[in-house]
Amino acid sequence: MNLNRLPRFVMTLLLAVSLTACNQTKEKKVEEPVAENSAESAEPFFKISLAQWSLSKPIMEGDLDPMDFPEKASEMGFEAIEYVSAFYGERAKKADNPELALQGILDTLKAKSEEFEVKNVLIMVDGEGDLASSSEEERNQAVENHKKWVDAAQFLGCHSIRVNLFGSTEPEEWKKNSIDGLTKLSEYAATKNINVLVENHGYLSSNAALLAEVFEAVENPNCGSLPDFGNFCLKREGGALWEAACIEEYPRYQGVEELMPYAFAVSAKSYDFNEEGEETTIDYERMLQIVEDAGYTGHIGIEYEGNRLSAEEGIQATRDLLVEVGTRLNQQ
């Protein structure tokens with residue numbers, strides 16, 4: 001076709017159609033990679049932290065110095081960490097001046113967390129007395145013992161400490177004493193802008209409905225829960241607190257759902273994994289759906305307690321599962 005012989009208006013029309021088609025083709029080519037980038041950048045609806053207890057075996061076997069926890073977590077790709085007080089408190093107690101020794105430990109941990117760019121999230125406090133003791137004197141002493149960890153959490157930039165409530169096996173007595181101990185500690189922690197969190201950690205503290213009643217009675221906004229996916233054993237053989245077979249367990253999915261309205265943190269317990277990468281004891285999709293339904297978007301701490309995989313392998317398997325399920329739920 002000789003374009004020079006066509007009327008001017010026909011040439012104008014052909015040129016307009018040609019330009020429109022060209023532009024549409026360019027727009028389509030631009031849209032496709034944007035969609036791909038969007039899918040690639042999808043993330044879980046929560047953040048992930050590493051609980052130091054996941055590394056308890058190498059620490060207790062002498063293969064990892066707890067002072068190197070921030071560096072180790074950074075090497076493994078974590079940006080947030082949760083400390084275990086016992087790994088530091090016992091070391092400080094052996095010094096001539098335990099208070100000065102603890103401050104030296106905290107100075108080092110803070111410097112290392114800054115050096116390796118990891119965020120300090122919370123401290124899990126153990127071995128400082130029973131906040132739910134039936135003895136008022138023991139309960140008050142436990143409150144005093146916990147205060148140094150409130151101060152430590154503030155110094156490190158954490159938002160919370162995690163505490164335990166063991167005490168009596170009688171529900172009403174346990175509830176009354178728990179309310180008293182938590183109220184006193186929470187009042188002090190509020191002056192430091194620190195939250196006091198109770199984990200379902202055995203005996204009546206694993207009765208989520210009863211623990212929720214405690215939170216309602218304390219009525220302090222800085223007092224809440226740290227739901228753990230696995231710690232729902234109410235009674236063990238021989239009345240043991242740990243290491244014995246569990247003979248009565250609270251429904252775990254119900255328990256997490258009942259504790260989530262009070263949650264400032266969440267603990268992703270794990271024990272073992274099948275060939276598909278699924279946890280063999282806990283339905284992570286069901287658990288994370290409960291967490292998402294509660295509107296929680298904070299840190300979920302990895303707490304691997306298995307024996308078949310090494311600590312690092314178990315941590316990685318847990319993180320992979322959290323990312324996979326959390327991302328999928330976030331895209332729904």
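Q: What covers the buried residues of helix α6?
A: This is a predicted model, in which local features need pLDDT of at least 70, side-chain atom pairs count only at pLDDT 80 or more, and totals for chains, interfaces and linings use all residues. Residues are numbered from 1 along each chain as its sequence is written, and side-chain values use heavy atoms, with hydrogens and water left out. Helices (H or I, at least four residues) and strands (E, at least two) are DSSP runs numbered from the N terminus. The cover of the buried residues of α6 includes β2 (80-84), α4 (86-93), α5 (98-115), β3 (119-124), β4 (160-163) and α7 (171-190).

Q: Which residues of α6 are buried?
A: Buried means under 20% relative accessible area, exposed over 50%, and partly exposed in between (1.4 Å probe, protein chains only). In α6 the buried residues are Arg139, Ala142, Val143, His146, Trp149, Val150, Ala152, Ala153 and Leu156.

Q: How far apart are the end C-alpha atoms of helix α6?
A: The expected span of a helix is 1.5 Å times one less than its number of residues. Helix α6 holds 21 residues (136-156), so its span should be 30 Å. The model agrees with this, as the separation of the end C-alpha atoms is 31 Å.

Q: Which residue with a positive phi follows α6?
A: The phi of this residue is near 90°. The residue that follows α6 is Gly157.

Q: Which residues touch the most other members of the largest nonpolar core?
A: A nonpolar core is a set of buried Ala, Val, Leu, Ile, Met, Phe, Trp, Tyr and Cys residues joined through side-chain atoms within 4.5 Å. The largest such core has 94 residues. Those touching the most other members are Ile123, Ile161, Leu182 and Phe229.

Q: Which residues are in contact with Ile123, leaving aside its neighbours within four places in sequence?
A: Contact means heavy atoms within 4.5 Å. With those neighbours left aside, the partners of Ile123 are Tyr83, Ser85, Trp149, Ala152, Ala153, Leu156, Cys158, Ser160, Ile161 and Arg162.

Q: Is Asn177 buried or exposed?
A: Asn177 is found in helix α7. Beyond its neighbours within four places in sequence, Asn177 is in contact with Leu131, Ala132, Ser133, Ser134 and Arg139. Because its relative accessibility is 2%, Asn177 counts as buried.

Q: What distance separates the C-alpha atoms of Asn220 and Ala190?
A: Asn220 lies in the loop between α8 (208-218) and β6 (223-226). Leaving aside neighbours within four places in sequence, Asn220 is in contact with Ser186 and Glu187. Asn220 and Ala190 are 30 residues apart along the chain, and their C-alpha atoms are separated by 8.7 Å.

Q: Which residue forms a salt bridge with Asp65?
A: A salt bridge is a side-chain nitrogen of Lys or Arg within 4 Å of a carboxyl oxygen of Asp or Glu. For Asp65, the closest N and O atoms of the pair are 3.2 Å apart, and the partner is Arg91. Asp65 lies in the loop between α2 (56-60) and α3 (69-75) and its partner in helix α4, so parts 26 residues apart in sequence are tied together by Asp65 and Arg91.

Q: How far apart are the closest N and O atoms of Asp68 and Lys112?
A: Asp68 and Lys112 form a salt bridge, with a closest N and O separation of 2.7 Å. This pair links distant parts of the chain, with Asp68 in the loop between α2 and α3 and Lys112 in helix α5, 44 residues apart.
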